[in-house]
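Here is a quick walk through one protein model, written for someone who likes the cut-offs spelled out. Have the viewer open as you read.

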Amino acid sequence: MFKPSSSIGDYISAGLTALIPGNKLVSSIARATVSSAISTFEYTIKNNKRLPLKKIIKKLFQNVALDICCSVISSAFAKKLSSLKPKNYSQFAHSKYLKNAKITPDQIRKSMKRLSKQIMKSIGVFDFFVNSAASAVSRKF
């Protein structure tokens, strides 16, 4: 939904498609279809003429390909970062006690929570930049 955009239709499309569940391929096709339909409708309203079917289909396939690429890149990055997340308190506490024997359980919990939040924020920021790049690329075509 936070993709940078040049039109209201892009924001509507991003908001609607963010709600589409399913596996990567199905949701990518659904998002690309909704996005293409809205941009086609918007083009028709702005220019007062219909977009040729060939261009609509080409845009649909480009959107599907971009969405799948972004999804694969984002999930690979999220998986890699999630592996850095503490698995459980005992494991995390053990690594902290090895570095500092005077650390308290409360400090360990706070540190564990802070690390988890930082990882989740990093994943969100990365997703934003991947979607921003995809949006810029799709406008270029």
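## A phenylalanine to start with

Does F61 count as buried or exposed? F61 counts as exposed, because its relative accessibility is 55%; the scale used here calls a residue buried under 20% relative accessible area, exposed over 50%, and partly exposed in between (1.4 Å probe, protein chains only). F61 is found in helix α3, residues 53–82. Helices here are DSSP runs of H or I with at least four residues, strands are runs of E with at least two, and numbering goes from the N terminus.

The areas come from the Shrake-Rupley method with a 1.4 Å probe, and for residues only the protein chains shown count as cover.

## Where the numbers come from

This is a predicted model, so local features need pLDDT of at least 70 and side-chain atom pairs count only at pLDDT 80 or more, while totals for chains, interfaces and linings use all residues. Residues are numbered from 1 along each chain as its sequence is written, and side-chain values use heavy atoms, with hydrogens and water left out.

## The chain as a whole

Of its 141 residues, 27% count as buried. The accessible surface comes to about 10,000 Å², with 66% of that belonging to carbon and sulfur atoms.

Now for contacts, meaning heavy atoms within 4.5 Å. Among those between residues at least 6 apart in sequence, 60% join residues at least 24 apart.

## More on helix α3

How well does the span of α3 agree with its 30 residues? At 1.5 Å a residue it should span 44 Å, and its end C-alpha atoms are 42 Å apart, which agrees. The expected value is 1.5 Å times one less than the number of residues.

The buried residues of α3 include Q62, V64, L66, C70 and L81. S74 is another residue of this helix, and it counts as buried because its relative accessibility is 12%. Leaving aside neighbours within four places in sequence, S74 is in contact with F126, D127 and V130. K58, also in α3, is exposed at 54% relative accessibility; its C-alpha sits 9.7 Å from that of S36, 22 residues apart in sequence.

## Core and salt bridge

The largest nonpolar core has five residues, namely F92, A93, I103, I108 and M112. Helices α4 (89–99) and α5 (105–140) are the elements that give two or more residues to this core. Such a core is a set of buried Ala, Val, Leu, Ile, Met, Phe, Trp, Tyr and Cys residues joined through side-chain atoms within 4.5 Å. Beyond its neighbours within four places in sequence, F92 is in contact with P86, I108, S111, M112 and L115.

The salt bridge count comes to one, the rule being a side-chain nitrogen of Lys or Arg within 4 Å of a carboxyl oxygen of Asp or Glu. K110 pairs with D106, the closest N and O atoms being 3.7 Å apart. These two are four residues apart in helix α5, so about one helical turn separates them. K110 is exposed at 51% relative accessible area, whereas D106 is partly exposed at 44%.
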